[in-house]
Amino acid sequence: MGELIRSQPVSYGQLIVPMSVAEDTIQLIGELNCVQFVDLNSTELTFNRRFCNELKRCDELERKMRYFNEMITKEESREDMGGLKFQRKSEIYDADKESTENLELRLESLEKDLKQIETDCAATENDLEKIEEGLLVSNNIDSLFENMDDVNVGGLKYVIGVIEKSKYDSVQRLIWRISRGLVLIKSKDLSDNSHLRNFLVLFQGDDLEIKINKSCQSLGVRLYTRVPIDQQERRNFVEEALSNKQQLSSVFESSTKQKREMLKKVAIKLEDWKETVTREKLIFFTLNMFKVEKGQTLIGECWYPSARFDDIIQKLGQLDQSNMSPILSPIAPPPRAVIPTYTKNNSFTQTFQDLTDSYGTPRYGEINTAWLNIVTFPWLFGVMFSDAGHGLFIFLLGLAFIIFAKKLQGKEMNDIFVMLFDARYLLLLMGCYAMYCGCVFNEFFGFSIDLFGTGWDVRNEEKKVYERSDSGKIYYFGVDPIWKASNNELYYVNSLKMKLSILIGVFHMIFGIILSVFNYIHAKKLINVWFHWIPEMIFMVCSFGYLCFLIIFKWCAPVQEGAPMLTNVFLEMFQNFGVVTEANKIYSGQAIIEPILLALVVVSILIMFIPKPIILYMRLRKQQKAHIENKPLLNDNPNSTNTVDEVPMVDESVIPQVADESDGLISDGKDMKKEDVEEEDNEEGNSLMEIIIFNSIHGIEFILGCISNTASYLRLWALSLAHAELSSVFLENVFYLLLEMKICVTIFVGFGAWAMITLAILIGMESLSAFLHTLRLHWIEFQNKFYVGDGVAFMPLKLEPRKTFFDKVDYTEQK
């Protein structure tokens, strides 16, 4: 848990790599998954980098593999495949991995051969379709010339064509116009359920024949001029076509078989090829971040966890080759370098870290809210959900995901299922806290359970109230179940949940303010401790903390009659200084304590607004005098734009000493003068006006935020009450209503309807609503008290280790 409180220490190093072992070095470092490289060539154009050609080669290989994948998918979708799929992974592991050079030659040859075979298959298939179409046209000749005996066919010319049905009307109109109606057109479907139309055009004249042929060709009509009209000639034509069809079919089958054999071999190797190319592309992309020294040496810079330095050195030792091994040496980071935030997580904490990172990555060294979310997030969700029965469903769902995690991890799941599976531990805790809060409020699927026996067990019919048979008996845990049967249940539960939400919200925000002091101390901003944290704590405790005190005091010392409204008591404290009316008096000494608290609130506001700008202004004056020869740091012009965003500075205790400058491979950019690199960032402002404005914004935002955030925590009360009331309404108006009929069918239908409503609305929609409101309370109301979240995540190079033959054997045996 300590690793989650703050980010892990990160160091900056320089890696010197001989060109001959550059790829192997990056491979070994990538297997550690703990080094993030810095791009030293960010100002260079992409095509000017050292390994630009290698990346182009990898892109070309990926294009070829995409082509192979498209061809495999296309072939699998053919009807004659019968739904069969090519095997995509080899069961026998190939220990001899191909280099990108050999792979490039092999894929080029495969692509060339596959394209040639595909072209031959397509041409043969097209010829077969034409022959089939010609045979169908031959069968339609008699019907097209039917009832045309009065026409002297021998003196007329004709055109026979085939076109899609959707284009036939356009072709007919065009032929009619260019011929001025001096044609005879007849048509019919090429075959039953065909999308093609077969038509015949009869006309006279050579010029018209040329026009009709050109028009048909322009519209994509396939003309059949070789189909004879004479039956004997047509019979010979059919025999010839059938003979050609048989020959082409055998050619097409052999070509298709050859193509599928080739695709079968490609499909088995394709995943391994993708893995190889992806790995090489990532390696070359990383090497492009290195500087090239003297053509044979690469120099790179990187961030790495300080605790993993020995692991990196040990890993690089595997490449020890007589004065050619890579060297990693810690150096000082560049000025104003933004240190990445590195946090160690496991399957349990990763979900809570994702909740934090969705708002913003913590700064380097800033308190991480993930460890707080483990407790506070499920707790606030449970308060809003607050039903033991509904929480049990969520708990069991999370528990099922955890139990069957190993079986589910290797299977394909949709996005929603993956999201729920990744959040399995969060679901478990949310269900657990929802069950606990449901037991506290005595809510179980909309009704109460009497476990310990209520003390209000006597019904007074005259007053129509419940009375105690034993005045000393109390319900041991949670809300007494008798409230479900009372008329004033809503008034009691409403008051209880509203006050609890205020208590939880104020304590939650005070805890956030307490955490801010640790960030100030870690960042060595003691001025913020004195003039931010202390007055903020005084303001919060003396105002809303006092309201919480009134709530608890009224619970502990109840007044039988004429109890004052706490809202009136709290408002009178601010409206009438030092005056406590009798109607708003709760405890003795109230007239003395409340003015003191109000005075502390006013003093805390003054401390937030006045001292800090004066101190910062005096510091700027001193800096201006100390750096009189440089650009003035003090600028009273409010329109000045010379502010620089603050970045976290490196902890010197974490970074080892800088490497010796006598090493000729150290970059010259590190020889900067100390005065040039120690120019101070100032997020507080670089002029008096900026300092006052920034400080005033922070103070006003905090004061108004305390009021609005406290009101925002009332959503705990609202959602909890709404969930309980919805459960009761559905239970009484659906299940109980049909249960009173005392008919088996209505009881069964009523229970089914109530169960579906419970699962869909009360568990499905209400849980999502409570989750989103809980997320908002953490991001806005809680984290804005101490959390900046403008850091940069640590993104290490990650490469899977190259598999060996024995790795594959172990894997198959485990399966």
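This is a predicted model: local features need pLDDT of at least 70, side-chain atom pairs count only at pLDDT 80 or more; totals for chains, interfaces and linings use all residues.
Residues are numbered from 1 along each chain as its sequence is written, and side-chain values use heavy atoms, leaving out hydrogens and water.

Phe-477 sits in the loop between β11 (465-467) and α15 (489-522). Helices here are DSSP runs of H or I with at least four residues, and strands are runs of E with at least two, numbered from the N terminus. The chain has 24 helices and 11 strands. Of its 815 residues, 42% are buried.

Now the sheet. Four strands make an open sheet, ordered β4-β5-β3-β6, with antiparallel pairing. β4 (184-189) and β6 (222-223) are at the edges with a single partner strand each, so one side of each has no neighbour in the sheet. Two strands count as paired if DSSP finds at least two bridges between them. β4 and β5 (residues 196-203) are joined by six bridges, and Lys-186 has Leu-200 in β5 as its bridge partner.

Which strands does helix α4 lie across? Helix α4 (residues 100-144) lies across β3 (157-164), β4, β5 and β6, at about 125 degrees to β4. Contact means heavy atoms within 4.5 Å. Angles run from 0 to 180 degrees between N-to-C directions, with axes fitted to C-alpha atoms, for helices over the stretch in contact.

Notes: Buried means under 20% relative accessible area, exposed over 50%, partly exposed in between (1.4 Å probe, protein chains only).
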